[in-house]
Amino acid sequence: MANTEKLAVLKKIRSVKKEIQVLKETAGHPAKKELEDAFIFLDDFEDELIYRELEKRVTEIESISKKLKAVIKTASEKSDDLEEIAEKINNIADLFSKLIDIACKGAELLL
Amino acid sequence: MIKIVSVNKLKNRFKWLAFSVLLTFCLTGCVELLTESQIREIKKFSAASNTYSEYPGAVVKAHADLSLNNQLTNASSAVNGKNAFGMIEKGIEKQKRLVALGKRADTACRILRSYSGILDKLSSDSYTSDTQASVEKLGSQLDYSIKEYNQTAKSSVTLFGGTVAAILKGTASVYIKNKQHTAIKTAVQEADPAIEEITNTIIAFLETYAGPNSLEILQAERDDLQTWYETAGYKQPLSTSIWVLEKLKIIESILMFVDKSKKAATDLRAAHTVLITKIEKKMDLKDTIEVIETLVDEVEAAKDLKDKIEKQTI
């Protein structure tokens, strides 16, 4: 159902529901029951139309969020790479510290 | 003595050479560093999207409660108990269905939070600060070794561990900040179409509640309540009127919330556009100055490290 059609149907349902509510208050007992059943039927139909429309939008948001998830995954990998670079710098600095220590001890022994 | 002067000269030349090379790279645009204003922009976007991610779900939840209330009002004037009970049951069922939908919207929108989280992480200074301790240790070890050597060999080689650590820290920081800039630039460029799509869809979703040519869900709930009150509710005790008044106020608040949420989605989109412009744009003089300031900050931080090491070893 196209959006304009949907809106037209909803408008009609709401207007009939309103008329029913007004009529129900002045109607006699058997008619009152019939009117209320019609109201419940229309109310259910309106709810279903609204729910489907909302669900359609939420499904769209879910589908776009998957695209963004892929970007986040790549960015996360880059963050891991950066952590790895920082760790490599740490390892190199540690290695140099150890080498200096060895070289110094070696020099002491030679002197 | 001649040897010591040479070491000092070499040390200074190396320091200035390293700084000059980095500065030249910055000025020619070969090295793009993550600047303070870019980080500020990321933080702004991050704070906005963090809060925003909960809005669409909150609207559905409010709708669910409102809808149950309207079923209760209808039940209170039903023709028989069976119908009344059926209306209450339907209200509960409808509320459950909408709450579940709201949760789905929440989960999907939480991706905005994850996105801002990763931008925060990529712009954090933890990558550079992590290298501080090991570089500091290297500088101290070097100075300690020179001191030991001076004592053993009765020589007077100047301590230069602090300088080595400062150069190493400065170079590592600039290298990492350049990598951070590239990673953020790629992320925001790749995310931009999805950010545009998701904000547009959220706006369309919110417009089903209140907007031009929309389903006008909230207005319909209000109309239902009004018609019920005008035909049946007004006959009931004063507490019913107070209850209706409360519901009307709630509907008014939800309408305002929907309106603000729509505006916030537009602002979120705009904030991402600003962010992408800020990250992507070619450097003008102001940006170049900021990049140099970033570089100078790194050099200053490295100098602080040098001073710290020299204080420890003297």
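At what angle do helix α3 of chain B and helix α7 of chain B pack, and how far apart are their axes? This is a predicted model: local features need pLDDT of at least 70, side-chain atom pairs count only at pLDDT 80 or more, and totals for chains, interfaces and linings use all residues. Residues are numbered from 1 along each chain as its sequence is written, with chains lettered from A and ligands numbered from 1 in the order in which they are written.

Helix α3(B) covers residues 55-76 and α7(B) residues 217-231. Helices here are DSSP runs (H or I, at least four residues), numbered from the N terminus. The pair packs at about 20 degrees, with axes 10 Å apart. That makes α3(B) roughly parallel to α7(B), a label for angles under 35 degrees. B:H63, B:L66, B:S67, B:N70, B:T73 and B:N74 in α3(B) meet B:I217, B:E221, B:D224, B:L225 and B:W228 in α7(B). Contact requires C-beta atoms, placed from the backbone, within 7 Å.

Now the two chains. Their contact takes 48 residues from chain A and 56 residues from chain B. On the chain A side, α2(A) gives the most, with 40 residues.

Next, the core. The largest nonpolar core has 74 residues; A:I61, A:L68 and B:A187 have the most contacts inside it. Such a core joins buried Ala, Val, Leu, Ile, Met, Phe, Trp, Tyr and Cys residues through C-beta atoms within 7 Å. Buried means 20 or more other C-beta atoms within 10 Å of the residue's own. α6(B) gives the most to this core, with 19 residues. Leaving aside neighbours within four places in sequence, A:I61 is in contact with B:A105, B:A108, B:C109, B:I198, B:T201, B:I202 and B:F205.

Technical notes:
Axes are lines fitted to C-alpha atoms, for helices over the stretch in contact, and angles run from 0 to 180 degrees between N-to-C directions. Helices (H or I, at least four residues) and strands (E, at least two) are DSSP runs, numbered from the N terminus. Angles under 35 degrees count as roughly parallel, over 145 as roughly antiparallel, 65 to 115 as roughly perpendicular and the rest as oblique. Two residues are in contact if their C-beta atoms, placed from the backbone, lie within 7 Å. A residue is buried if 20 or more other C-beta atoms lie within 10 Å of its own, exposed if 12 or fewer, and partly exposed in between; C-beta atoms are placed from the backbone.
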